[in-house]
Amino acid sequence: MKEQDPVVFVIDDDRMIREGLQSLIRSIGLRVETFASAQDFLIAKRPDVPACLVLDVRMPGVSGLDLQLKLSDAGIHIPIIFVTGHGDIPMSVRAMKEGAHEFLTKPVRGQDLLDAIQKAIASDRGSRKDRQELNEVRERFDTLTPREKEVLNLVVAGLLNKQIADQLGMSELTVKTHRAHVMEKTNAESLAHLVRMSEKLKNSLRR
Amino acid sequence: MQTGFASIKLALLHYSLAIMLVSLALAVSLALQTSLGNPFWFFFSVAVILSTWFGRAGAGWLAVVYSTLAVMYYFTPPLRSFSVAPSELPFFLTFVGCEVGVTRLIAWRRRVDDALRQARDELEARVAERTAELKNANDALLRQMEEQKRTEEALQVTRAELTRVARITTIGELTASIAHEVNQPLAAVVANADACVAWLSREHPDLVEARAAADRATQGATRASEVITRIRSLISKATPEKSRFEMNHVIEQTVALAEGQASRNNVTIESDLSPDVRHVLGDNIQLQQVILNLLMNGIEAMTTVTDRPRKLAIRSESQSGGQIRVSVRDSGVGVSPDVMGRLFEPFFTTRAKGMGMGLPISRSIIEAHGGRLWAESNGSDGATFQFTLPSGDGPAS
């Protein structure tokens, strides 16, 4: 198995359920790691690969919902598939609000769980890619000088070179030079691409 | 006693009987006069006797008078006249005297006989009356006994029903927990069965994996059926049955039943069961009910506790004198002294939804097993409920 192969984490306090789910998921060729409690999962070393978490809501100690909060507080993004014996509405609403990927009731139909796992992993792969791209963009933008950043802000705001020159008290030629540097450093293929990257970055900062 | 018309009719009957009898005696005497001489003595005496006997004193007197006149007229010279020749006078007077004597004698006999008969009848009537009275009293007593028996039966039914209600109330509180208990193995069965099918459906079926999954599915199903059995035995209406069983085993089973409810309330149950504790003789279902009740109370008492661990400790230990002691200690809100005194009163409860029957029933069960159930405050935190039972390890009783 390659290191980049996705992994499914299963947390359930019931050994037989754990083993059943593990066997089921392995049967479609996915890597599975099981944990008997949320605490065990938190202290375990987790591979940095696309993943999803199959989580029993009701467990002694740290409950599934508590774990969800802890993970999101710690900035750990992983799609969670909740499994519950009695999915009451307030509980599922709360879980969904906190970003649960799926909410299934016990006993779960095998195919439903596998479908949910595939979707969750695909989604995690997507968001990992997004995060990676964002990081790259941020790294590139960080190489800009303060002056270049000022020019960038005005460019993406839609100002013409002449207007930028007036506003920043510099020659139009200097603006053009800065602008060329910006395009080069950020790997922007076009003005539109630059605008998109800059928006993404702003959104991620605002969040 | 006849009255009015009936008595007159009866008197007439008696008098006509007397006249008939004497006339018959007269006719017979006249008919036989020529062949037998004068046999009138005999016939008239018989007529007087019969008249007196059947017609009583009045008819007797009439027969005497009628006979005297008839004898005077037909048999005493001068014949065919109501006079008596002086020579015949002694004979005639003797006859009259005899007749009078006979009628008096017979009348007396008859009176005695009547009195006796009446006395006997009265006695019979009184006996019948007393018998009827006795029978009535007896019937009333029987009815009363029947009534009492029915009342006792009704009481018994009510008591059994109450016990069952309390049991079911506890069960009601446990429903969610039990649903979890049953659902959990079912989830394991489904997951493993699905896994088994998945391994078999692969291009190259993996029989080892499929078999392992199928085995786990079987285990799950077995576990589910065990849970059902436990619940069924808990809610069954079975009458108390005494058997010898391992106390610790019953405690473990009951703790397993309460585990779900405990974990949902973030309560950890710690068991400290002494291996010295062996058998108890009694109804294990009832004792399970008592333990479950104590555990549930303990969990309930800790639902508002936030500043310390919610810990429920159940201990069993063997004591001197062949006693077994089981205690359930919680770290809950505790029991105030005034509540402590009323804990075991029926229908006394501190809970909004409680029936107040759990502890009284538990105590009566323990006492029926020859033990004692009581509560103690832990001081700063919580309370301890404990009971003792005689050990069933002694010579079999």
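The dialogue below reads several features of a predicted model with chains A and B.

Q: How many helices and strands are there in chain A, and in what order do the elements run?
A: Chain A has 9 helices and 5 strands. Starting at the N terminus, the order is β-α-β-α-β-α-β-α-β-α-α-α-α-α.

Q: How many helices and strands are there in chain B?
A: Chain B has 8 helices and 7 strands.

Q: What share of contacts joins residues at least 24 apart in sequence?
A: The count takes contacts between residues at least 6 apart. In chain A, 62% of such contacts join residues at least 24 apart. For chain B the share is 69%.

Q: Which residues touch the most other members of the largest nonpolar core?
A: That core has 46 residues, and A:Cys52, A:Leu55, A:Ile81 and A:Ile117 touch the most other members. The element giving the most to this core is helix H3 (residues 89-201) of chain B, with 10 residues.

Q: What does A:Ile81 touch, not counting residues up to four places away in sequence?
A: Its contacts include A:Cys52, A:Leu53, A:Val54 and A:Leu55, and also A:His101, A:Glu102 and A:Leu104. A:Ala116, A:Ile117 and A:Ala120 are touched by A:Ile81 as well.

Q: Which residues are among those of another core?
A: Another core, of 36 residues, lies apart from the largest one, and B:Val277, B:Leu292, B:Ile366 and B:Phe387 are among its members.

Q: How is an interface described, and how many residues does each chain bring to the contact here?
A: The size of an interface is often given as the accessible area lost when the parts come together. Here the description is by residues: 17 from chain A and 22 from chain B. On the chain A side, helix H1 (residues 15-26) supplies the largest share, 7 residues. By class, that side has 8 nonpolar, 6 polar and 3 charged residues.

Q: At what angle do helices H7 and H8 of chain A pack?
A: H7 (residues 161-168) and H8 (residues 172-185) of chain A pack at about 105°, with their axes 8 Å apart. Angles of 65 to 115 degrees count as roughly perpendicular, so H7(A) is roughly perpendicular to H8(A).

Q: Which residues meet between H7(A) and H8(A)?
A: From H7(A) come A:Asn161, A:Lys162, A:Ile164 and A:Ala165, and they meet A:Glu172, A:Val175 and A:Lys176 of H8(A). This contact comprises 3 nonpolar, 1 polar and 3 charged residues.

Methods
Residues numbered from 1 in each chain as written. Chains lettered and ligands numbered in written order. Predicted model: local features only at pLDDT ≥ 70, side-chain atom pairs only at ≥ 80, totals over all residues. Contact = placed C-beta atoms within 7 Å. Helix = DSSP H or I, 4+ residues; strand = E, 2+ residues; numbered from the N terminus. Nonpolar A, V, L, I, M, F, W, Y, C, P; charged D, E, K, R; others polar. Core = buried A, V, L, I, M, F, W, Y, C linked by C-beta atoms within 7 Å. Buried ≥ 20, exposed ≤ 12 C-beta atoms within 10 Å, placed from the backbone. Axes fitted to C-alpha atoms, helices over the stretch in contact; angles between N-to-C directions. Parallel < 35°, antiparallel > 145°, perpendicular 65-115°, else oblique.
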